[in-house]
Amino acid sequence: QKLVNRKSELFNNGSQNHMSIALDYTDPTTLETNLTNFISQNNLIFDIVINNTGGPPGGRLHKSTTDQLLNAFNMHLNSFHKILGLTVNEMKNRDYGRIINIISTSVKQPLNGLGVSNTIRGAVANWSKTLANELGEFNITVNNVLPGATNTGRLNEIISTKAKKLDSEEFTILKQMANEAPMNRIAEPI
């Protein structure tokens, strides 16, 4: 329902046709099938692809299971790669495209308590750089956006865990995180 509501809020000067599809990034094969059908039924051509998924559960890497790593790998890298496979050939044919991946600041410095996320986000960053090198000749750019702390349920989970671990107040942890940002605040999702 949120996706439908957001779509209805988009500016439209009368020449746009906004469509939406909800896909499960934890199942790359089903995602590929459903997206292939959606693209075919609507005769879609892509100029820009933005890859963005929620993060895997927090926790220490050495306590994580292989299944947690595989699930995160599917949700992020494999699903992104399936989407790439469905969009990149048309971009190459037109000699134009933009691929933008919303990942995490953890690719610059791993974040404590987010072992699986740090690992997978690093893999996505390297996947992106490799694609940028390979696709640049087709005028296709591949970029990563590294958002810091954003006011989401995920951030609340991280703050709560950190406060318990440090025997501190959640407000104190939130303030510390905000002070790490250039504008001394937590980003708000739109």
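Student: In which sense do strand 2 and strand 3 pair, and over how many bridges?
Tutor: This is a predicted model, and in it strand 2 (residues 97-102) pairs with strand 3 in the parallel sense, over six bridges. Within strand 3, T141 is the residue opposite R98.

Student: OK, and what order do the strands of the sheet have?
Tutor: The sheet is open and has three strands in the order 1-2-3, with parallel pairing.

Student: Why is one side of strand 1 and of strand 3 left without a neighbour in the sheet?
Tutor: Strand 1 (48-51) and strand 3 (140-145) stand at the edges and have a single partner strand each, so one side of each has no neighbour in the sheet. From one strand to the next, the twist averages 15°.

Student: What does helix 3 touch?
Tutor: Helix 3 (residues 66-94) packs on the sheet and touches strand 1, strand 2 and strand 3. Its direction makes about 170° with that of strand 1.

Student: New topic: which residues touch the most other members of the largest nonpolar core?
Tutor: Those are L84, I99, W127 and L135, in a core of 22 residues. Helix 3 gives the most to this core, with seven residues.

Student: And what is L135 in contact with, beyond its neighbours within four places in sequence?
Tutor: L135 contacts L84, V88, K92, I99, I140 and V142. Apart from this core lies another one of seven residues, including A163, I173, A178 and I186.

Note on methods
Residues are numbered from 1 along each chain as its sequence is written. This is a predicted model: local features need pLDDT of at least 70, side-chain atom pairs count only at pLDDT 80 or more; totals for chains, interfaces and linings use all residues. Side-chain values use heavy atoms; hydrogens and water are left out. Two strands pair if DSSP finds at least two bridges between them. Helices (H or I, at least four residues) and strands (E, at least two) are DSSP runs, numbered from the N terminus. Axes are lines fitted to C-alpha atoms, for helices over the stretch in contact, and angles run from 0 to 180 degrees between N-to-C directions. Contact means heavy atoms within 4.5 Å. A nonpolar core is a set of buried Ala, Val, Leu, Ile, Met, Phe, Trp, Tyr and Cys residues joined through side-chain atoms within 4.5 Å. Buried means under 20% relative accessible area, exposed over 50%, partly exposed in between (1.4 Å probe, protein chains only).
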